[in-house]
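Subject: Handover of a structure and the findings from it

Dear colleague,

Please find the structure below, passed to you for your own work. My notes on it come directly after.

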Amino acid sequence: MNKKRIVWGSILLGLPCVLLPVILMGYLAWMLNLASAQQRLETLAAVASSRANGTFNEAAGALKAIAGSELAPCTPESIDEMRLLTINTLTVKSVGYVEQEIYACGSWGLVGQHVTPWREDFTTADGVRISLDVQSRIVPAKPMMALQYAAFNVLVDPAQFLHVMLDEDLHLAVGTAAGDLVGVSRPGAEHFLTRVHSGPTSGLQDGYLYTLVHSGDWVAIAALSRRDLLQGLIRMEMLLLPIGGLLAGILALLIIRRTRQCLSPLAELQQAVRNREFVVHYQPIMDLSEGTCIGAEALVRWQRPDGRLVRPDAFIPMAEHSGLILPITDQVIECVMRDLGPLLVEQRDLHVAINLAAEDVCSGRFLPKLEAALSQTGVRAHQIWLEATERGFVEIDSARNTVNQARALGYLAAIDDFGTGFSSLQHLQQLPLDVLKIDKSFVDTIDKAPDAGSVINHIIEMAKSMRLQIVAEGIETPAQLDYLRDHGVHFGQGWLFAKPMPAEEFQRFYQEQASVVIDHDAQEPVLQ
Ligand code: C2E
Ligand code: CA
Ligand code: CA
């Protein structure tokens, strides 16, 4: 995945991730606000309707009590009883007795006045006749509710039906089950009385959130205006939006961190391992006396998606540090077998040197992989040289174990960059090795500082005394070649012969130099 795609991917993922918590908190604030408003309205409407029913029941109870009295109507005792009832019953303002359109008496005493019968709005199941809007003799300007039973009536102040504690943003209306209005404590909710017969009993309509609750013959409607609802929403959002913002910030930070990680060199290398972006180049290893190619060193390169080749020095240290070197070694083994398997089967004298990292040597986990690859291709173990630097032998016991195992299987073990570390000699003594590779830095000294040659001479002598095959690395000049050959170094590699090259090129190189040797029966190194 290239950097642009990672950045765009993060932006595309990041935007919804950042917006989502804010949107969710906004939505949550709306839902919570709505739920809390609905709860308030339901509570108020339930309390108010039950209050209305209670008020009615109290007044109706008093009415039935006086109607059931055994006292003869309009006697002084009966009038006293009416007065007592008015005083003792909070909801009842007055009691009256009407017979044949004559208001005979009431809690006011004897009257004897002709009255026009009140319009009856409805009759309850137990026979109480209700007139909602009547004019009373007491306060003619104030409409009253009249309850009639037999010849008796009581007057009730409709305000009693609305006697509940009310928050100042709420609207309350009380009506009959038939949809007639009894009274409002704050205008606004009354027009929802039409919903008594049809339509939902709660909802957000006509600029109000409303709820309608029945109790007996009465309904109460509580409502909240859209403006007040929005104000509640703003309060709720002021609580929740900062949480949404905080979540969005945390998500944004996580995405930025993840993007950075994805863009980090290590993430790129991990991606490269997943995508198998490694190729192997081969540097010929020459027989210095014969001038023939006897093998090749496999040198890994990271081929970036844009085709660029990255040299191992730029990523092997990171791969070793992160443990990614293990899958890289596996991929190198696969590449080598795929690239040179047939040639190695054809040319049994040819070998390939594979570089191992310290972790490979310690764990030895490449060995089964190598064995499987060999059995698939038919390449023989002696055609594979395993190279490791001194760092690979630091954990000497596990290293010795791996080297022993590898040699027992037929592989050759080589110490690479010999002489550059601190413990070369110690390693030489403790490990059963086959090949010693003289580091380029010593080869470089040959034609630069003549007296420095003594070090390389010592290395050569020591290797000979231990019967190790010697490969000199980094041969760049004919003088170096002459010197090494004269001092009995068997093999060498370097730009003098060839630089590392892709597999096909190496195969061509190998075939061409072989045919040159055969054709001319050459005694001199062909590439001199
Ligand atoms: P090395 O194992 O010492 O490999 C030899 C390095 O010297 C190679 O560098 C090669 O291109 C370079 N070289 C060869 N002849 C000459 C010459 O005449 N002049 C000069 N100036 N350089 C020459 P390269 O390919 O860049 O590899 C560098 C190092 O990366 C290797 O050093 C080896 O330690 C490591 N490496 C390469 N491939 C692998 C691999 O598959 N696994 C592991 N673990 N390490 C690898
Ligand atoms: Ca090497
Ligand atoms: Ca080397």
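The notes below begin with conventions and then go through the findings by region.

This is a predicted model, in which local features need pLDDT of at least 70 and side-chain atom pairs count only at pLDDT 80 or more, while totals for chains, interfaces and linings use all residues. Residues are numbered from 1 along each chain as its sequence is written, chains are lettered from A and ligands numbered from 1 in the order in which they are written, and side-chain values use heavy atoms, with hydrogens and water left out.

Domains

The protein chain is divided into domain 1 (1-263) and domain 2 (276-521), with bounds that come from an automatic or database domain assignment. Between the C-alpha centres of domain 1 and domain 2 the distance is 93 Å.

Helices α3 and α4

Helices (H or I, at least four residues) and strands (E, at least two) are DSSP runs, numbered from the N terminus. Helix α3 covers residues 226-263 and helix α4 residues 265-274; their axes come within 4 Å and cross at roughly 65°. The axes are lines fitted to C-alpha atoms, for helices over the stretch in contact, and the angles run from 0 to 180 degrees between N-to-C directions. On the α3 side the contact (heavy atoms within 4.5 Å) is made by Gln261, Cys262 and Leu263, and on the α4 side by Pro265, Ala267 and Glu268.

Within α4, the residues Ala267, Leu269, Ala272 and Val273 are buried. Here buried means under 20% relative accessible area, exposed over 50%, and partly exposed in between (1.4 Å probe, protein chains only). The cover over the buried residues of α4 includes α3, β13 (278-287), β14, α5 (316-322) and α6 (325-346). After α4 comes Arg276, whose phi is positive, near 50°.

Calcium sites

Donors are N, O and S atoms within 2.8 Å of the metal (3.2 Å for Na, K and Ca); water is not among the atoms, so sites may look incomplete.

Glu297 belongs to strand β14 (residues 293-303) and Asp416 to strand β18 (residues 412-418), so the pair ties together parts that are 119 residues apart in sequence. Glu297 and Asp416 are both buried.

Asp417 is partly exposed at 24% relative accessibility, whereas Glu473 is buried with a relative accessible area of 10%. Asp416 coordinates both the calcium ion (ligand 2) and the calcium ion (ligand 3), and the two ions are 3.9 Å apart.

Cysteines

With a disulfide taken as a pair of cysteine sulfur atoms within 2.5 Å, the count comes to one disulfide. Cys74 and Cys105 form it, with their sulfur atoms 2.0 Å apart. The angle about the S-S bond is -85°, and the link of Cys74 and Cys105 is left-handed. Cys74 lies in the loop between α1 (3-67) and α2 (76-88) and Cys105 in strand β2, so the pair ties together parts that are 31 residues apart in sequence. Both Cys74 and Cys105 are buried.

Cys17 is in no disulfide, and the nearest cysteine sulfur to it, that of Cys262, is 14 Å away. Cys17 is partly exposed, at 22% relative accessibility. Cys262 is likewise in no disulfide, and is partly exposed at 23% relative accessibility.

Individual residues

Gln100, in the loop between β1 (92-99) and β2 (102-106), has a positive phi near 50° and is exposed, with a relative accessible area of 75%. Arg467, in the loop between α12 (453-465) and β20 (469-472), has a positive phi near 55° and is exposed, with a relative accessible area of 75%.

Asp330 lies in helix α6 and is buried at 10% relative accessibility. Neighbours within four places in sequence aside, Asp330 is in contact with Arg365 and Lys369.

With kind regards
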